[in-house]
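Dear colleague,

I am handing over a structure that you have not worked with before, and I would be glad if you could look through it with the notes below beside you. They start with the overall picture and then turn to the parts that I looked at in detail.

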Amino acid sequence: MTEPTSTGSMVALATSVGLASLLPGIDGDALIGAFAGATLFVVSAKDLTLWKRFVYLAISVVGGYLGGSEVMRKLSLESSGLAAFFSAACIITITLALIERSAGTRFFGGDRNG
């Protein structure tokens with residue numbers, strides 16, 4: 001059973017996303033698609049604390065919304081919601097993989113002996 005605090009937080013977040021999609025200049029389909037993709041990622045992620053889930057959810061919604069147009073263009077999709085869904089579901093996984101891969105890489109000179 002979920003805790004009342006986490007359930008209430010998710011309802012408040014879903015409501016705010018729904019209301020934000022009504023604002024002029026905001027693509028409602030892309031915002032709701034990004035939220036759905038981010039939620040799918042957060043629900044499927046194992047061994048994450050509650051605060052990390054909320055941070056990943058927020059980052060994934062923003063990244064999914066912003067990256068949705070690029071995904072739409074590259075994959076020749078018609079729906080901005082579907083493109084934002086794919087973008088949001090994958091953005092954190094791809095970013096974390098890139099961070100782990102580059103952890104041992106030195107980008108700037110530094111000491112050549114170590």
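Of the 114 residues in the protein, 27% are buried, and please keep in mind throughout that this is a predicted model. The protein has four helices and zero strands, so that, read from the N terminus, its elements run α-α-α-α. Among the contacts between residues at least 6 apart in sequence, 54% join residues that are at least 24 apart.

Helix packing

Two packed helices are described by the angle between their axes and the distance between the axes. Helix 2, which covers residues 28–44, packs on helix 3, residues 50–75, at an angle of about 145 degrees, and their axes lie 8 Å apart; the crossing of this pair is right-handed. On the side of helix 2 the contact involves residues including Ala34, Phe35, Ala38 and Val42, and these and others meet a set in helix 3 that includes Tyr56, Leu57, Ser60, Val61 and Gly64. Sorted by class, this contact of helix 2 with helix 3 holds twelve nonpolar, three polar and one charged residues.

Helix 2 also packs against helix 4, here at an angle of about 35 degrees and with the axes 7 Å apart, and this crossing is right-handed as well. Among the residues that meet here are Ala30, Gly33, Ala34, Gly37 and Phe41 from helix 2, and Gly81, Ala84, Phe85, Ala88 and Ile92 from helix 4. By class, the contact of helix 2 with helix 4 has eleven nonpolar, five polar and one charged residues.

In soluble globular proteins, nonpolar side chains tend to be buried together. In this model the largest nonpolar core has 14 residues, and the members that touch the most other members are Ala38, Phe41, Leu57 and Val61.

Ala30 is found in helix 2, and it counts as buried because its relative accessibility is 5%, where the cut-off for buried is under 20%. Leaving aside residues up to four places away in sequence, Ala30 touches Tyr65, Ser80, Gly81 and Ala84. Ala30 and Gly67 are 37 residues apart in sequence, yet their C-alpha atoms are 9.7 Å apart in space.

Ser60, which is found in helix 3, is buried too, with a relative accessible area of 0%. With residues up to four places away in sequence again left out, Ser60 touches Ala38, Ala88, Ala89, Ile91 and Ile92.

Helix 3 itself

The buried residues of helix 3 are Tyr56, Leu57, Ser60, Val61, Gly63, Gly64, Gly67 and Gly68. At one of these, Gly67, helix 3 bends by about 45 degrees. Just after helix 3, Ser76 takes a positive phi of about 55 degrees.

With best wishes,
A colleague

Technical notes
Residues numbered from 1 in each chain as written. Predicted model: local features only at pLDDT ≥ 70, side-chain atom pairs only at ≥ 80, totals over all residues. Heavy atoms only, no water. Axes fitted to C-alpha atoms, helices over the stretch in contact; angles between N-to-C directions. Helix = DSSP H or I, 4+ residues; strand = E, 2+ residues; numbered from the N terminus. Left-handed = near helix turned anticlockwise from the far one by under 90°. Contact = heavy atoms within 4.5 Å. Nonpolar A, V, L, I, M, F, W, Y, C, P; charged D, E, K, R; others polar. Buried < 20%, exposed > 50% of the residue type's maximum accessible area, 1.4 Å probe, protein only. Core = buried A, V, L, I, M, F, W, Y, C linked by side-chain atoms within 4.5 Å. Bend = angle between axes of the 7 residues up to and from the residue.
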